[in-house]
Amino acid sequence: MVRKALSKPVALLLILLMALGSIAMWIVVPVFWIWLAAKLQEGKAQPTLGPYLLILVGIPVTMFAVAKALAQLNVAYGKVTGVTPRVRMQMPWHKSMRGERDSGHQATVLDVVMLVSVSIALVAFAIWFFLFAGSSLPT
């Protein structure tokens, strides 16, 4: 009984951490690496290759680390709530062509959180691009 009472707040905390982590993965990580590269380049007349390579390597490595942490949060959520996702692996050539649409994948909380966070990131990018970025065309 006590475990059930504690599982809801812990589950909500895990969902909140997954939401923050997924938003960080799509927005905070790229902005941080671009900011860091800009700070390293600051004051130099000619741009160098170093900051570009830092961005090229730093963003994917950091995103991979955040994705691993999110996967661990998803596993912890499954343990707290007792929900374990079932994934049935089936090769495409074994699927029926008669219209069955069951993929065998049960959506997890992380799937939903990632979908929402990617949507938020895309909307934020669109707002920035169309409203705040300005035009690079000559006037």
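Reader: Hi! What secondary structure does the protein chain have, how many helices and strands?
Author: Hello! The protein chain has three helices and zero strands. Keep in mind that this is a predicted model.

Reader: Noted. And in what order do the elements run?
Author: Starting at the N terminus, the order is α-α-α.

Reader: How much of the chain is buried?
Author: Of its 139 residues, 21% count as buried.

Reader: What about the accessible surface, how big is that and what share is carbon and sulfur?
Author: The accessible surface of the protein chain is about 11000 Å². Carbon and sulfur atoms account for 73% of that area.

Reader: Let's go inside, then. How many residues are in the largest nonpolar core, and which have the most contacts there?
Author: That core has 15 residues, and Met18 and Leu70 have the most contacts inside it. H1, helix H2 (49–81) and H3 are the elements that each give two or more residues to this core.

Reader: Nice. What does leucine 70 touch?
Author: Leaving aside residues up to four places away in sequence, leucine 70 touches Leu17, Met18, Gly21, Ser22, Leu110 and Met114.

Reader: Switching to rings. How many aromatic pairs do you get?
Author: The count comes to six aromatic pairs. One of them joins phenylalanine 32 and tryptophan 35, a tilted pair at 6.3 Å centre to centre with 35 degrees between the planes.

Reader: Why are phenylalanine 32 and tryptophan 35 about one helical turn apart?
Author: Because they are three residues apart in helix H1 (residues 2–41), which puts about one helical turn between them.

Reader: What's the geometry between phenylalanine 125 and phenylalanine 129?
Author: Phenylalanine 125 and phenylalanine 129 make a stacked pair, 5.8 Å centre to centre and 25 degrees between the planes. The angle counts as stacked because it falls under 30 degrees.

Reader: Which residues do ring pairs link into a cluster?
Author: Phe125, Trp128, Phe129 and Phe130 are linked that way.

Reader: So what is on the surface in that stretch?
Author: A nonpolar patch, formed by Val123, Phe125, Ile127, Trp128, Phe129, Phe130, Leu131 and Phe132. Together these residues have about 940 Å² of accessible area.

Reader: Where is phenylalanine 132 found?
Author: Phenylalanine 132 is in helix H3 (residues 109–132).

Reader: And why does phenylalanine 132 count as exposed?
Author: Because its relative accessibility is 61%, and the cut-off for exposed is over 50%.

Reader: Last topic, glutamine 41. Which helix is it in?
Author: Glutamine 41 is in helix H1.

Reader: Buried or exposed? I mean glutamine 41 again.
Author: Glutamine 41 is buried, with a relative accessible area of 17%. That counts as buried because the limit is under 20%.

Reader: What does glutamine 41 touch?
Author: Not counting residues up to four places away in sequence, glutamine 41 touches Gln46, Pro47, Thr48 and Pro51.

Notes: Residues are numbered from 1 along each chain as its sequence is written. This is a predicted model: local features need pLDDT of at least 70, side-chain atom pairs count only at pLDDT 80 or more; totals for chains, interfaces and linings use all residues. Side-chain values use heavy atoms; hydrogens and water are left out. Patches are made of residues with over 30% relative accessible area and no salt bridge: like charges are joined within 9 Å, nonpolar side chains (Val, Leu, Ile, Met, Phe, Trp, Tyr) within 5 Å. Accessible areas come from the Shrake-Rupley method with a 1.4 Å probe; for residues, only the protein chains shown count as cover. A salt bridge is a side-chain nitrogen of Lys or Arg within 4 Å of a carboxyl oxygen of Asp or Glu. Helices (H or I, at least four residues) and strands (E, at least two) are DSSP runs, numbered from the N terminus. Buried means under 20% relative accessible area, exposed over 50%, partly exposed in between (1.4 Å probe, protein chains only). Rings of Phe, Tyr and Trp (its six-membered ring) pair if their centres lie within 6.5 Å; planes under 30 degrees apart count as stacked, over 60 as edge-to-face and the rest as tilted. A nonpolar core is a set of buried Ala, Val, Leu, Ile, Met, Phe, Trp, Tyr and Cys residues joined through side-chain atoms within 4.5 Å. Contact means heavy atoms within 4.5 Å.
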